[in-house]
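Hello,

Here is the structure for you to look through. My notes follow below it.

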Amino acid sequence: MNILNGQNLFDVAGKVVLVTGAATGLGEGYAHIFAESGCKVACADIQFEKVQETAADICSQGFEARAFRVDVTKQDSIRHMAQEILDAYGRIDVLVNNAGVEHIEPYTEVTEEHYDFITSVNLKGVFFVGQEIARIMKKQGGGKIINIGSLGSYIGLAESSVYCSTKGGVIQLSKTMSIELGADNIQVNCVAPGYFITPMTRPFYDDPDHRAWIESRIPLHNWGTVRDLAGPMLFLASSASDYVTGATIKVDGGWLAS
Ligand SMILES: NC(=O)c1ccc[n+]([C@@H]2O[C@H](COP(=O)([O-])OP(=O)(O)OC[C@H]3O[C@@H](n4cnc5c(N)ncnc54)[C@H](O)[C@@H]3O)[C@@H](O)[C@H]2O)c1
């Protein structure tokens, strides 16, 4: 019996990967991981100058990336970005639906403005970026979509009522997408990170009490680094996950196991 026929199932070289929210934090890290793995990376963000820096940094190391402007809350902007990527690279094999925002405040003080802001990026954005790219993948004969959840997809986090609502929604949306897109050879999965130090979570890290509370709940003790997300991301982007869809991989140092 020869099952792998010498194939490296995790090989993603040559794939075109779109990462939204690639200007900072985890999205910037994902862009580097895929570029270092031989992909052509479309780095998209509303912060265009910053995402240009991400792409320039990748290119300066001899890898392939280009920057694209997008506001994921606007369908016109999403369509424009998708067309620009097709003009540049001709296809999109993998979507990392990563752009997200958070605003910490008590449930009883959440304003309609804040509610709309968070849901429009974290849920509406994931929904319509996924829809636009799925249409392209259908025509291509397949693709991989990785939506980004959170601990807040599973548990309530104080003063994060809107964020947790959206992240719970991302997992439900991913399941539905996986069912509808399966026949088109598009696998849709989620990655749910625990706590990683980024501009979004820096305030928690810098607050000694909050930080101690977080670290007391992580069986592996330490905060994650973006390198800890590389394995799951490469798995879900590669043919190693061809029979995996509608799933969520928790990358949380064991938090949700307890
Ligand atoms: N950092 C963590 O510990 C952690 C944990 C769980 C989940 N996440 C999720 O990971 C993702 C990235 O988080 P991060 O910590 O890197 O945050 P971050 O704030 O560092 O990065 C978010 C990026 O999204 C971009 N963005 C925001 N609104 C946008 C819009 N309308 N259009 C396009 N881009 C937009 C921002 O410009 C920024 O570059 C988010 O979905 C977040 O919820 C992060």
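Helices (H or I, at least four residues) and strands (E, at least two) are DSSP runs, numbered from the N terminus. The model is predicted: local features need pLDDT of at least 70, side-chain atom pairs count only at pLDDT 80 or more, and totals for chains, interfaces and linings use all residues. Residues are numbered from 1 along each chain as its sequence is written, and side-chain values use heavy atoms, with hydrogens and water left out.

Start with methionine 200. Methionine 200 sits in the loop between β6 (186-193) and α6 (202-206). Methionine 200 counts as partly exposed because its relative accessibility is 31%; buried is under 20% relative accessible area, exposed over 50%, and partly exposed lies in between (1.4 Å probe, protein chains only). Leaving out residues up to four places away in sequence, methionine 200 touches Gly100, Val101, Glu102 and Tyr163. Contact here means heavy atoms within 4.5 Å.

Now the largest pocket. A pocket is an open set of points on a 1 Å grid over the protein atoms alone, where a 1.4 Å probe fits, with protein on both sides within 12 Å along at least five of seven lines; lining residues have an atom within 4 Å of a point. Which residues lie nearest the centre of the largest pocket? They are Gly100, Val101, Glu102, Tyr163 and Met200, out of 47 lining residues. The elements that give two or more residues to this lining are α1 (25-36), β2, α4, α5, α6 and α7 (208-216).

The second largest pocket takes the largest share of its lining, 6 residues, from α4.

Best wishes
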